[in-house]
Amino acid sequence: MEASENLMHTIHSSFTGGGIHFATPISSLRTNELALVRGVLQMLQGLPSSLFNWDDKSHCFHFKRGIYVTHLSQTSLYRILDQFLYAATCLQLVDIAVTKIEKSKGLPPPTLRAFSCSVSTWLRRIRDVALKEEVKVNSSNGCIALSILGLSSSLSSVCSGAEYLFQIVDGAIPQFYLEIDPYLPAAEIAFQILNHLYLKLNEVCLVQGGEEDAYRMLLYIFVGSLLPYIETLDSWLFQGTLDDPFEEMFFVANKKIAIEEAEFWDKSYQLRSTKPEKLILADFLSDFSEKKDKTGRPPISLSNVAVANEETKKDSQLCPFFIKDVAKAIISAGKSLQLIRHAPITSLLPVSSDKFEDGYNVAGLTLSEVFCVSLTALIGYGDHVSEYLSQDDSFSIANVESKNFWQKLLDDTLAQKGNTGSVLSSRNGAINPQKYFPENPAITVCCGILDENRDAWSSLNISQAFNLPPLNDEWLRQAIFRDNSGHGLNTDYTSGFQFGELECLRFLEDAKILEAVLPFPTLLPCFQEDLQMSEVLPFQNNCTLPSKTLRWIQNVDPKSTPPPAAIIQECLIFYIKKQADYIGRIMLSKLLHDWKLMDELGVLRAIYLLGSGDMLQHFLSVIFNKLDKGESLDDDFELNTLLQESIRNSADNVLLSTPDSLVVSVSRSPGFGEDEQNSPSISTPRKGRNQSSGMDVLDSLKFTYKVSWPLEVIANAEAMRKYNQVMSCLLKIKRAKFVLDKARRWMWKDKGTATIKRKRYWLLEQKLLHFVDAFHNYVMDRVYHNAWRELCEGVAAAGTLDEAIEVHEAYLLSIQRQCFVVPDKLWGLIASRINSILGLALDFYSIQQTLSSGGAISTVKARCEKEVERIEKQFDDCMAFLLRILSVKLNVGQFPHLAALVTRINYNCFYMSDAGILMPVPGSASSRK
């Protein structure tokens, strides 16, 4: 015996280095396995015990040090208990986080509140497993021997679920928010929660065996957190109302802009963005990435947060990932609804707007309800509900023999939505169990009991128990009077409370009325544990069906685990696009028929593209004559009086609703943008000629046309500025033609003196006139006709107001390019040469005006001849430059209309051959000789 003990000590010394000998455990720390199992189960439910206690400072559970059981070593025991401690700590931290959210200073925003409720439900679901095990152990009376090792095996799913639930909460809600309780915008909180859940669900969707619980947990929390967001989208997409008091949506309303203003479409509702100096939740999370979490384990990977952070740096808009592609369509659909409802009805079209007025949206369901039905069908059965949606917005599932859960859910929902009325039928007094009685919902809950016990109705009615029973106050009288002489035995209040007969009848009548308004006021439903409110109360929109769906997700065995992108696309985006397309068709129909969009654009075409034959003819003639005389255009009143007179005397005056709808003004700082800086200064032969009589003075004329509302959203201020740029170019061409025609008439008077110099003048005038006519014909053909035809085709093919606006903007860009008034380097070079040639036409007119008035003086003739040589040389240089630039294959390939311009100005290859070689100009050759 001693030898064996020495052997044991020798072996022990070899391992411990001669340390302490084997110590006998303290007997008081010995515990039986049943108490240990009960303590573990209570700890998982968040309840401390004598063996396991919660440390508020370190925020974790601890077991009583030194405890042991006889059949396990302390190392093995502690290793087993560690996993239970970690799981219980995770659950407790989740519980603390949920409690802090619920007890925060202000009411939490809807998405955060829904996330908290979903997490709380799943937390209770996990703890219920431990509760059931505890009930089983306590009710067995020692018959069932549950070991700590067996508990470790049976509760493995609880431990893994607790850890994963904590990871979800810790990633969605950062620790600083729970510790400091700072004020954060609801939009940033919703952005963080939904994006985090979306990314986590995308990771876990490729589940393997035994991991369905994690997918089911994430799906439940993601759907529950997303529902408030969908409800807000529902009110916006189907009613045009932004019901977002907490401001957590991805777009924000600018209340300073009224719907009647021209900037309504562009600036009334815009994507919500974070301020540059303000960090969002994902930035704060990086502060915790190097720390250990509260459970004492290594920190949870923040890769998802890093992805979210990178996305946010690229785009500061607070729009969830899965809605970003349709964000613009969502905003446009709601704004279109507001325009449709606010605009006056000017015609009776066969387009019904009843869908905008009712409370149901897609086939009688709200957006959140059809999302839940589609989700149920996709997850549980792999069905696509959109395939059952017919063209008339109704579900065609009547021919299905054996209906699945989602089909029964859909049928029940549509049937309950069709029921209306009160609880009690006025005809036969029967109770309709499907009706809603808001004054006393308990009646609806107890409809079955009331219908089975009709005999008890009289005793439950308030009129039968309104009068108080006789009051036995004999002991009270004895205490006061000390004797029984001369007093009644008790007081009876059944005779009407000692009122008169009239007051008593009126009182009973009021009781009858109260009974009709509030029947059975004392009725209470029987208590049922774990009963959902959606099952207690009658059917309610956005409540009953989503509640049933969430309850179904908790217990479903998913047939498939699709990624969140497929879920969102099939169950949400499809119906959002469907509604947006429907609103777009209604909007385009009203634009084209009710609001006469093309007629209004035709008026703009007639005014700014000079399409009307004589509307501005008189006005422009007077203006051009004033400029020829060197008079300035600085009197707005005179100009508008002249303009109104020209409109009234025009055959096209019917195009304008009133003559004063078109107003002209003179800009005090005239300029043609970049083109003015690139335009060379053009000298004139007239001494002291006023600079205001040049071509650039036409840039100062700004025409303003009042576009009717709501067409201002298309022809806005920016569009009118572009129209004015094109009109300025056309006015310069028109003035060049005007002065060359006058110069030709003067030259015709002197045609008898046919000299070589006179022929040079005629040839130069013909070249200038040919260029101006060719350029004018090109502009009118490309801008007035071809671009207009493309605009009409584009508007006819548009599906939404945004697409119509894009077509109109493309139309404006097209006519700007064809008139060379876009702020582009290449176009600026071309425009500078064209403006130079138009200015040369004005210089040539000035020479002819000088010769016709005082051309007999030799010095004047000599100066005019030098000016003609300068004009001719500058014209040839400009033409050579233009033909080289316009004939480059790269430019012609990108802009085919340049080839049409080259063909017109280089008619019969007069200036350049087909091979691109400049031809000698006859006029220039003769002048050199």
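Guide: The following conversation goes through this structure feature by feature. Please note that the model is predicted.

Visitor: How many helices and strands does the chain have?

Guide: There are 36 helices and six strands in the chain. Of its 929 residues, 48% are buried. Among contacts with a separation of 6 or more, 75% join residues 24 or more positions apart.

Visitor: How is the packing of two helices described?

Guide: Two packed helices are described by the distance between their axes and the angle between them. Here, take helix 2 (residues 33-44) and helix 3 (residues 74-102), whose axes come within 8 Å and cross at roughly 25°. Angles under 35 degrees count as roughly parallel, and helix 2 and helix 3 are therefore roughly parallel to each other.

Visitor: Which residues make the contact of helix 2 with helix 3?

Guide: Helix 2 contributes L36, V40, M43 and L44, while helix 3 contributes L77, L81, F84, L85, A87, A88 and L91. Sorted by class, this contact has 11 nonpolar residues, no polar ones and no charged ones.

Visitor: Let us turn to aromatic rings. How many aromatic pairs does the structure hold?

Guide: The structure holds 20 aromatic pairs.

Visitor: Where do Y198 and F222 lie, and how many residues apart in sequence are the parts they tie together?

Guide: Y198 belongs to helix 8 (residues 186-204) and F222 to helix 9 (residues 212-239), so the pair ties together parts that are 24 residues apart in sequence. Both Y198 and F222 are buried.

A second case is W236 with F251: the ring centres are 5.0 Å apart and the planes stand at 50°, so this pair is tilted. W236 lies in helix 9 and F251 in strand 3 (residues 251-253), so parts 15 residues apart in sequence are tied together.

Visitor: Are W236 and F251 buried or exposed?

Guide: A residue under 20% relative accessible area counts as buried. W236 has a relative accessible area of 0% and is therefore buried; F251, at 1%, is buried. W236 and F251 also form one aromatic cluster with F250, F264 and Y269.

Visitor: Where does E872 lie?

Guide: E872 lies in helix 33 (residues 858-886), and E872 counts as buried at 5% relative accessibility. E872 and F844 are 28 residues apart in sequence and 9.7 Å apart in space, C-alpha to C-alpha.

Visitor: Finally, the backbone. What kind of peptide bond joins W709 and P710?

Guide: The bond between W709 and P710 is a cis peptide bond, with omega about 10°. P710 is placed in the loop between strand 6 (701-705) and helix 29 (717-749).

Visitor: What is the phi of H59, and what is that of E247?

Guide: For H59, phi is near 55°, a positive value in a residue other than glycine. H59 is in the loop between strand 1 (52-55) and strand 2 (60-63), and H59 is partly exposed, with a relative accessible area of 28%.

For E247, phi is near 55°, a positive value in a residue other than glycine. E247 is found in the loop between helix 9 and strand 3, where E247 counts as partly exposed at 47% relative accessibility.

Definitions and conventions:
Residues numbered from 1 in each chain as written. Predicted model: local features only at pLDDT ≥ 70, side-chain atom pairs only at ≥ 80, totals over all residues. Heavy atoms only, no water. Phe/Tyr/Trp six-rings, centres within 6.5 Å; stacked < 30°, edge-to-face > 60°. Helix = DSSP H or I, 4+ residues; strand = E, 2+ residues; numbered from the N terminus. Buried < 20%, exposed > 50% of the residue type's maximum accessible area, 1.4 Å probe, protein only. Axes fitted to C-alpha atoms, helices over the stretch in contact; angles between N-to-C directions. Parallel < 35°, antiparallel > 145°, perpendicular 65-115°, else oblique. Contact = heavy atoms within 4.5 Å. Nonpolar A, V, L, I, M, F, W, Y, C, P; charged D, E, K, R; others polar.
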